[in-house]
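Colleague: I am new to this structure. Could you show me how to read its features?
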Amino acid sequence: TFLTGFAPVPLLPFVTRFPNDAPSGWRRSLSAAMPAIVVACVLHWALLAFAGVYVTEGRVAFEAYYRIVHVTFAAATYFAAAFVLFKTYREAHGPDRQRLQWVVFGMSFAFAAMALGYVTATLAPLPFVVTRVVNLFSIVMPLSIMYAILKHRLIDVRFVANRAAVYA
């Protein structure tokens with residue numbers, strides 16, 4: 001609860017090492033900087049959480065700062081993760097690009113939904129149901145990854161779907 005704004009940060013090391021866990025070029029430099037970035041973010045959010053619990057003077061100003069930092073940081077992190085994914089996709093060739101398209105689409109769509117969820121929940125409070133529906137769109141990420149794995153590693157998804165439709 002205290003570190004909710006920090007929640008998207010662990011995505012950054014993942015996307016810098018995606019898809020083959022051996023970053024090269026600009027991703028290698030970014031990947032090398034990730035431990036320092038993650039530690040700095042943990043410290044920042046821990047200090048915010050500590051201040052939120054123990055600082056009583058200037059509470060209104062602190063809450064406004066927290067709200068702005070929370071939303072800006074979360075949205076910027078999701079944007080950065082999507083940017084790295086799109087750049088990875090753009091630099092991929094042949095079969096790698098084919099495999100990446102569903103994963104990049106699904107993850108980017110989910111990142112956009114989660115960033116929108118942060119913005120709507122914090123800056124423009126909407127009814128609880130609306131924010132949950134927006135957050136529900138993040139389900140696209142695991143579904144697209146599952147589809148990509150099935151399609152490129154195990155079975156031909158279209159063949160199975162066609163046969164299932166015929167038998168149904």
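Modeller: We will go through helix packing and then a pocket. Keep in mind that this is a predicted model.

Colleague: Let me start with the helices. At what angle do α2 and α3 pack?

Modeller: Look at the axes and their directions. Helix α2 covers residues 26-54, and helix α3 covers residues 59-91. Their angle is about 165 degrees, and the axes lie 12 Å apart. An angle over 145 counts as roughly antiparallel. Therefore α2 is roughly antiparallel to α3. As for handedness, α2 passes α3 in a left-handed crossing.

Colleague: Which residues make the contact of α2 with α3?

Modeller: On the α2 side, they are W26, R27, L30, C41, H44, W45, L48, A51, G52 and V53. On the α3 side, they are R59, F62, Y65, Y66, V69, H70, F73, V84, K87, T88 and E91. Sorted by class, this contact has 13 nonpolar, four polar and four charged residues.

Colleague: On to the next pair. How far apart are the axes of α3 and α4?

Modeller: Those axes are 9 Å apart, and the angle is about 170 degrees. So α3 is roughly antiparallel to α4. The contact of α3 with α4 has 17 nonpolar residues, along with five polar and three charged ones.

Colleague: And the last pair? How do α4 and α5 pack?

Modeller: Helix α5 spans residues 128-136. It packs with α4 at about 165 degrees, with the axes 8 Å apart. That angle makes α4 roughly antiparallel to α5. Their crossing is left-handed. From α4 come A113, L116, G117, T120 and A121; from α5 come T131, V134 and N135. By class, the residues of this contact are four nonpolar and four polar, with no charged ones.

Colleague: Now the pocket. How does one find empty space in a model?

Modeller: Roll a probe the size of a water molecule over the atoms, and the empty space that is left shows up. Here, the second largest pocket holds about 200 Å³ of space.

Colleague: Which residues line the second largest pocket?

Modeller: The lining is F18, P19, N20, A22, P23, S24, R27, T88, E91, A92, D96 and L100. Helices α3 and α4 each supply at least two residues of that lining.

Colleague: How do the lining residues divide by class?

Modeller: Six are nonpolar, three polar and three charged.

Definitions and conventions. Residues are numbered from 1 along each chain as its sequence is written. This is a predicted model: local features need pLDDT of at least 70, side-chain atom pairs count only at pLDDT 80 or more; totals for chains, interfaces and linings use all residues. Side-chain values use heavy atoms; hydrogens and water are left out. Axes are lines fitted to C-alpha atoms, for helices over the stretch in contact, and angles run from 0 to 180 degrees between N-to-C directions. Helices (H or I, at least four residues) and strands (E, at least two) are DSSP runs, numbered from the N terminus. Angles under 35 degrees count as roughly parallel, over 145 as roughly antiparallel, 65 to 115 as roughly perpendicular and the rest as oblique. A crossing is left-handed if the near helix is turned anticlockwise from the far one by less than a right angle, and right-handed if clockwise. Contact means heavy atoms within 4.5 Å. Ala, Val, Leu, Ile, Met, Phe, Trp, Tyr, Cys and Pro count as nonpolar, Asp, Glu, Lys and Arg as charged, and the others, Gly among them, as polar. On a 1 Å grid over the protein atoms alone, a cavity is a set of points where a 1.4 Å probe fits but cannot get out, and a pocket is an open set with protein on both sides within 12 Å along at least five of seven lines; lining residues have an atom within 4 Å of a point. Grid points are joined across faces, edges and corners, and a volume is the space filled by probe spheres set on the points.
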